[in-house]
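Subject: Structure handover

Dear colleague,

Here is the structure you are taking over. My notes on what was found in it come after it.

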Amino acid sequence: MKKLSGLLIVVIILALAALWGVKSYNGLVQKDEAVQSAWGQVENTYQRRADLIPNLVATVKGYAEHEKETLEEVVAARAKATQTTVKDLSETSVAEFQKAQSQLSGALSRLIAVVESYPDLKANANFMDLQAQLEGTENRINEDRRNFNEVAQGYNTAVRSFPANIIASLFHFDKKGYFTADEGAAQAPKVEF
């Protein structure tokens, strides 16, 4: 009788451990899927920006033919940004993706600055509409990056927390990277009059 009750206790403990393992694994899968979904939204928003750029460049080209170098820089940055893919969402991969997107943002900023020299272009309804869409898309990019970081933080916390970290290491749930502030963002820009 004592052997049977001892065996029953062992079976119950093993069953509880198995249930805990399944629950932990499924929780990590749900969090991983949430990270993948948030990343998909980030990519969609960046793709929307990339899709707006050819129309913006074509509009500017009609007015600012002397700005060929700036236009080529935007086109090259767009090509690099759209070719940069992220496979594993590791810190390195996300940083490379962010770097390519930041280069495109910089090229777009220079293009918009050049436009200031062309009053007819600034008054063009098509250009104004494209610029408004681009600004809205930049806002969505910031929001989607923030959301991705929040979801990735929840996932990373689960992956690193004991005892779920045991399941995470067994099934290769690796830590995800975050978007960070762009280089030089901590320094205030110089304003000279």
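**Notes on the model**

Thr70 is found in helix 2 (helices, H or I, of at least four residues, and strands, E, of at least two, are DSSP runs, numbered from the N terminus). Before more residues, the basis: this is a predicted model, in which local features need pLDDT of at least 70 and side-chain atom pairs count only at pLDDT 80 or more, while totals for chains, interfaces and linings use all residues. Residues are numbered from 1 along each chain as its sequence is written, and side-chain values use heavy atoms, with hydrogens and water left out.

Thr70 counts as buried because its relative accessibility is 13% (buried is under 20% relative accessible area, exposed over 50%, partly exposed in between, with a 1.4 Å probe and protein chains only). Not counting residues up to four places away in sequence, Thr70 touches Arg110, Leu111 and Val114 (contact means heavy atoms within 4.5 Å).

**The chain as a whole**

The protein chain has 6 helices and 0 strands, so its pattern along the sequence reads α-α-α-α-α-α. Its C-alpha trace spans about 95 × 30 × 25 Å along the principal axes. The radius of gyration is 25 Å, whereas a compact globule of 193 residues would have one near 16 Å (taken over C-alpha atoms; the globule rule is 2.2 Å times the number of residues to the power 0.38).

Of the 193 residues, 34% count as buried. The accessible surface comes to about 12500 Å², and carbon and sulfur atoms hold 56% of that (Shrake-Rupley method, 1.4 Å probe; for residues, only the protein chains shown count as cover). Among contacts with a separation of 6 or more, 79% are between residues 24 or more positions apart.

There are 21 positive and 24 negative side chains, and the centres of the two sets lie 11 Å apart. Lys and Arg count as positive and Asp and Glu as negative, with His and the chain ends not counted; each charge is placed at NZ of Lys, CZ of Arg, CG of Asp or CD of Glu.

**Cores**

The largest nonpolar core has 21 residues, of which Leu56, Val60, Val74 and Leu108 touch the most other members (such a core is a set of buried Ala, Val, Leu, Ile, Met, Phe, Trp, Tyr and Cys residues joined through side-chain atoms within 4.5 Å). At least two residues of this core come from each of helix 1 (2–63), helix 2 (68–83), helix 3 (91–115) and helix 5 (125–160). Helix 3 gives the most, with 6 residues. Leaving aside neighbours within four places in sequence, Leu108 is in contact with Arg49, Ile53, Leu56, Val74, Leu134 and Glu138. Another core lies apart from this one and has 20 residues, including Val42, Tyr46, Val86 and Val159.

Tyr155 is in helix 5 and counts as buried because its relative accessibility is 1%. Outside four places in sequence, Tyr155 touches Leu28, Lys31, Asp32, Val35, Phe173, Asp174, Lys175 and Lys176. Tyr155 and Gln30 are 125 residues apart in sequence, with 9.0 Å between their C-alpha atoms.

Arg160 is also in helix 5, but Arg160 is exposed, with a relative accessible area of 62%. Not counting residues up to four places away, Arg160 touches Asn165 and Lys175.

Regards
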